[in-house]
Every structure is written in C-alpha cells, then in structure tokens.
There are 2 protein chains.
Amino acid sequence: MSALKLEEFLPFRLVRAADAVSLDFAHIYKQKHGLSRPEWRVLANLAELRRATATEIGLRSAMHKTKVSRAVFELERRKWLNRRTDGSDRRVEWLELTKLGEAQFAGLAALARDFEKRLLAALGAGATRALLLTLRKLESIRLSSNC
Amino acid sequence: MSALKLEEFLPFRLVRAADAVSLDFAHIYKQKHGLSRPEWRVLANLAELRRATATEIGLRSAMHKTKVSRAVFELERRKWLNRRTDGSDRRVEWLELTKLGEAQFAGLAALARDFEKRLLAALGAGATRALLLTLRKLESIRLSSNC
DNA sequence: CGTTATCAGTTGCGTTTGTAACTATTGAAT
DNA sequence: ATTCAATAGTTACAAACGCAACTGATAACG
C-alpha cells in the first residue's frame with residue numbers, strides 16, 4: 001500500500017553514493033594534510049579562481065558562510081592563504097593562496113586527478129558525462145516548496 | 001599546471017547535488033513531522049522491512065550505529081516503533097513500527113512518492129534509470145586505500 | 001544629509017555528529 | 001570449563017555544525 005522502495009528513491013540513493021565517494025576521497029586530504037572538507041573546498045576553489053571572496057566560495061560550493069569563515073580562518077592560520085581588504089569596499093576581503101598554499105594544493109591536486117582518473121576508468125566516459133549532466137539538472141530543480 | 005576543474009570533479013559535484021536534492025526533500029519530513037534525517041531513514045527502512053535490527057538498518061542506509069541508536073530512541077519515545085529482544089540472542093533487538101508509526105509513515109510516503117514523481121518527470125525515465133545504475137557502480141567502487 | 005535597508009564576515013550558543021570507551025551477551029579456543 | 005574475542009547496542013565527550021544575533025561598512029531613498 002504505502003510501499004516506498006528506498007533503493008530506488010533518489011534523495012536516499014544520491015546521499016548514500018555521495019557519502020561513499022566523498023568519504024573515500026576525503027580520506028586523502030584528511031590523512032595527508034589534516035584538512036577538513038570545508039578547508040579542502042576553500043583551498044580548491046581558491047586554487048582555481050586565484051582570487052575570491054568568502055561569499056563567492058560559499059555560493060560556488062554551497063557552503064554556509066560560517067563554514068567558509070572558519071575554514072578561511074584555519075587556512076590563514078596555517079599561512080596557506082592571505083586576505084586583503086578591498087580598496088573601494090572595506091566589507092569585502094579578497095582571499096588568495098600563498099606560495100605555501102599553492103604548493104600544498106599542487107600535491108593534493110595530483111591525488112585528486114588520479115582519483116578522478118580512476119573514477120572515469122570505472123564508470124566510462126559516456127556515463128561520467130551523463131552523470132555530470134544529470135547532476136546539474138538535479139541542482140537546477142527545486143521541487144518542494146521551500147521558499 | 002595544478003589545474004583541477006572543481007565543476008567536473010565528481011566527489012564535489014555528487015555531494016553538492018545530493019545536498020540540494022535531499023535538503024529539498026528533508027524540508028517535507030522536517031516541516032511536517034519534525035523528523036530528523038536519521039529518524040526518517042529508520043522509519044522508511046522499517047516500513048519496508050517490517051522488522052529489522054538497528055545494525056541492519058545502519059548497514060542498509062550507511063548510518064553510523066550511534067545515529068541509528070539515537071533515531072530509534074526518539075521514534076520509540078514517540079511510540080512510532082517498538083523493540084523486542086530476540087529470544088535466542090539477547091543482544092539483538094527487533095524493531096517494528098507500531099500502528100501509529102505505520103500511519104505516520106503512510107502520510108510521508110505519499111509525499112515521497114509525489115516528490116519521486118516530479119523528479120522522474122524532470123529527469124526523464126531513461127536518465128533516472130541510468131543515474132541509479134551509475135550510483136550503484138559508484139558505491140561498489142572503493143578507490144582510495146582506506147582499508 | 002540623515003535615516004533605513006542591505007551586505008560581508010564573525011561570533012555565541014544550542015544541537016548534531018563521530019570516536020572511543022563502555023555494558024551485556026554470545027561464540028570460539030584451548 | 002575458563003578465557004578470550006567478537007557482536008549488538010548505548011553513552012560520554014569533544015569537535016563540527018547551523019541559526020541567529022552581532023559588527024562594521026556601503027547603498028538607497030526620503
């Protein structure tokens with residue numbers, strides 16, 4: 001009657017798969033550098049953007065601003081990034097990696113690309129492309145009526 | 001050099017999409033019944049299995065046993081489920097939904113199926129099937145060397 | 001201008017989480 | 001039989017989290 005097949009229910013399956021894969025990868029940056037996931041994300045975003053604000057990073061990676069704030073604080077403490085207040089709007093702080101931060105990231109990025117390569121090999125190029133497309137579609141849909 | 005395109009990096013994309021979809025759905029059971037995600041999961045598993053142990057539920061939904069333990073406690077407090085110690089192995093506790101629990105679940109399951117239907121409509125049947133298959137493949141792969 | 005709203009980012013605080021240690025029970029080994 | 005390992009589940013504690021309230025700064029509007 002009220003049957004709901006959990007194994008075919010996307011919210012459930014997505015979270016379980018995402019947890020599995022991301023925990024698997026998290027093992028790399030946690031083990032090797034003691035980074036948390038928010039810290040890894042800030043690092044990766046900053047490596048890609050060269051220069052960004054905390055808000056920007058939060059938007060791109062769907063992280064709460066307090067998470068970003070704390071991750072930035074920790075990376076700054078490690079001297080992996082530095083912040084500079086914007087000249088024309090002193091609310092804004094521009095973040096960028098230090099030489100040290102870039103170097104640390106380079107090592108991690110190599111591991112990430114390797115991980116990526118193995119995923120691609122396991123799934124196949126077509127399925128991977130299709131997956132990325134489907135994920136984008138999923139993100140663009142807002143189904144329940146939460147504001 | 002050390003470029004890593006985050007938007008094409010699966011661990012990142014999977015988590016972000018899963019967060020979006022599951023938060024979207026979580027809105028339903030949080031708003032309507034004040035359930036947490038672990039609680040919802042225990043409820044759904046139990047509705048499907050009719051009878052299960054906490055360990056079993058933890059395995060099926062990849063939840064830490066303390067999470068399951070606390071969710072079970074809360075659902076028992078609400079009298080949505082009851083536990084009975086196994087006759088031949090008194091370590092094991094069999095869980096099952098009460099009439100109340102089943103009734104509450106029935107309402108939620110209807111909303112879940114509706115949510116599911118809208119997802120299916122948005123993605124298409126083929127893409128949905130492909131997604132589920134790909135997710136299964138992802139879960140079966142263990143890439144990094146974490147034991 | 002002066003008031004009010006808005007925005008970037010931080011911090012206080014209660015809640016949720018995972019780790020590790022614990023209880024209780026059963027199975028295995030000598 | 002006695003000891004040791006393994007298992008189901010709970011609990012204590014510290015870390016991580018999100019919300020709401022805050023500071024400081026700019027923009028918008030009368």
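**View 1. Contacts of B:Leu14 with chain A in the predicted model.** B:Leu14 touches A:Ala17, A:Ala18, A:Val21, A:Ser22 and A:Leu135, with residues up to four places away in sequence left out of the count. Two residues are in contact if their C-beta atoms, placed from the backbone, lie within 7 Å. B:Leu14 also belongs to the largest nonpolar core, of 74 residues, where A:Leu14, A:Leu43, B:Leu14 and B:Leu43 touch the most other members. Such a core is a set of buried Ala, Val, Leu, Ile, Met, Phe, Trp, Tyr and Cys residues joined through C-beta atoms within 7 Å. A residue is buried if 20 or more other C-beta atoms lie within 10 Å of its own, exposed if 12 or fewer, and partly exposed in between, with C-beta atoms placed from the backbone. This is a predicted model, in which local features need pLDDT of at least 70, side-chain atom pairs count only at pLDDT 80 or more, and totals for chains, interfaces and linings use all residues. Residues are numbered from 1 along each chain as its sequence is written, while chains are lettered from A and ligands numbered from 1 in the order in which they are written.

**View 2. The contact between chains A and B.** Chain B and chain A each bring 52 residues to the contact. On the side of chain B that touches chain A, α1 (10-33), α2, α5 (99-123) and α6 (125-140) of chain B each supply at least two residues, and α1(B) gives the most, with 16 residues. Helices (H or I, at least four residues) and strands (E, at least two) are DSSP runs, numbered from the N terminus. That side of chain B divides into 32 nonpolar, 8 polar and 12 charged residues. Ala, Val, Leu, Ile, Met, Phe, Trp, Tyr, Cys and Pro count as nonpolar, Asp, Glu, Lys and Arg as charged, and the others, Gly among them, as polar.

**View 3. The relation of the two chains.** Chain B is superposed on chain A by a rotation of 180° with 0.0 Å of shift along its axis (RMSD 0.1 Å). That is the relation of a two-fold axis.

**View 4. Helix α2 of chain A.** Of the 13 residues of α2(A), 11 are buried, so this helix is largely enclosed by the rest of the structure. Among the buried residues are A:Arg37, A:Trp40 and A:Leu43. Their cover includes α1 (10-33), α3, α4, β1 (81-85), β2 (93-97) and α5 (99-123) of chain A. After α2(A) comes A:Arg50, whose phi is positive, near 70°.

**View 5. The surface near DNA strand C.** DNA strand C is surrounded by 19 residues, and the closest are A:Thr53, A:Ala54, A:Thr55, A:Ser69 and A:Arg91. A residue is near a strand if its C-beta atom, placed from the backbone, lies within 6 Å of it. α4(A) gives the most to this surface, with 4 residues. The surface comprises 4 nonpolar, 7 polar and 8 charged residues.

Definitions and conventions:
Copies are superposed by least squares on the C-alpha atoms of residues with pLDDT of at least 70 in both.
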